[in-house]
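Hi,

Here is the structure I promised to pass on. My notes on helix packing and cores follow below it.

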Amino acid sequence: MTTGTLTPPRKERAAPDSPRPARRSRRGPFLAPYLFVAPFYIVFAAFGLYPLVFALQLSFTDWKGAGEAKFIGLENYTYLLTSEEFWSSLGNSAVMWLLIVPLQIVGGLAAAVLLANAKLRLRGMFRVAFIAPFVTPLVAMAQVWIVAFDTDYGLVNHLFNLVGLPDVDWLQSTVWAKPTLALLFLWKTTGFAIIILLAGLQAVPGDVYEAAALDGASRKRQFWSLTLPLVRRSIAFLVVVQTLAVFQMFAEPFVVTQGGPYGSTTTGGLYLYNHILASDLGTGAANSFLLVLLVFALSLLSVRLLRSRDE
């Protein structure tokens, strides 16, 4: 009997560990949001921030667009603040603001209330009719204004003659030139005002008006106690935007009246353009910053006046 040697059982080799996944770098997820927004900041820095800083620096120099800019300190600002033409342009813009913004707020709010009424027929057609002038090129509308308000052959004076009224020098009179331009601005931008106010009205819950009606509040009471306070922010936004637009108004007087007659329609924007046209870039830059400060102060005042008490 042969005795065999016992062979110890083989130990099964453990399977080699699977390769561990490489750690993902945290830099990728961390930098990804910044990479996505980087194009905006690059474009803003190139076309927004740099021109702003350059214009601010330019406002302290005497530069005609060529050669070396000569640093003159606050002389450009001193010249403007003591210039009768500068204050006259601001006065013209202020008169235009009084002719445009209050009337636009009142008329736009009335039109928005009517368009918000679900019982109004042809609401879509009326909305298109109000917004059509806003999307129409301004130069084309200005040419229509020149023809319609012509003293000798204009449609408006022709209609006046039909009812026995005399001709009016709409564009050649220092009294009527500003109202004529204000009417053009109203015709052009009131549709935008209606859209803003209509959006504010549609954001008001209908339950508020139902509860007020159950409490016995009349339509007039609902308008003064509910509608106006609830659309106050929309009105404040519209006042700020239109204030900026009026004081920067350029195309309307440039195309229709060229700032005349006798400078009565030279607005702040057109007066600024005259400096650029004369290659007086330092004074033009200073003028632009003075307009920015003025509009900012007026906008801040408007927001504070229209702010509700509980804010």
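A crossing is left-handed if the near helix is turned anticlockwise from the far one by less than a right angle, and right-handed if clockwise. Helix 12 passes helix 13 in a left-handed crossing. Helices here are DSSP runs (H or I, at least four residues), numbered from the N terminus.

First, the ground rules. This is a predicted model: local features need pLDDT of at least 70, side-chain atom pairs need 80 or more, and totals for chains, interfaces and linings use all residues. Residues are numbered from 1 along each chain as its sequence is written, and side-chain values use heavy atoms, without hydrogens or water.

**Helix pair**
Helix 12 (residues 268–277) packs on helix 13 (residues 281–306) at about 160°, with axes 8 Å apart. Axes are lines fitted to C-alpha atoms over the stretch in contact, and angles run from 0 to 180 degrees between N-to-C directions. That angle makes helix 12 roughly antiparallel to helix 13 (over 145 degrees).

Contact means heavy atoms within 4.5 Å. On the helix 12 side, the residues include Y271, L272 and I276; helix 13 brings L281, N287 and L291, among others.

**Cores**
A nonpolar core is a set of buried Ala, Val, Leu, Ile, Met, Phe, Trp, Tyr and Cys residues joined through side-chain atoms within 4.5 Å; buried means under 20% relative accessible area (1.4 Å probe, protein chains only). The largest has 37 residues, and M96, I100 and F149 have the most contacts inside it. Helix 7 (177–202) is one of its suppliers. Helix 7 gives the most, 12 residues.

Best wishes

How values were computed
Helix = DSSP H or I, 4+ residues; strand = E, 2+ residues; numbered from the N terminus. Parallel < 35°, antiparallel > 145°, perpendicular 65-115°, else oblique. Buried < 20%, exposed > 50% of the residue type's maximum accessible area, 1.4 Å probe, protein only.
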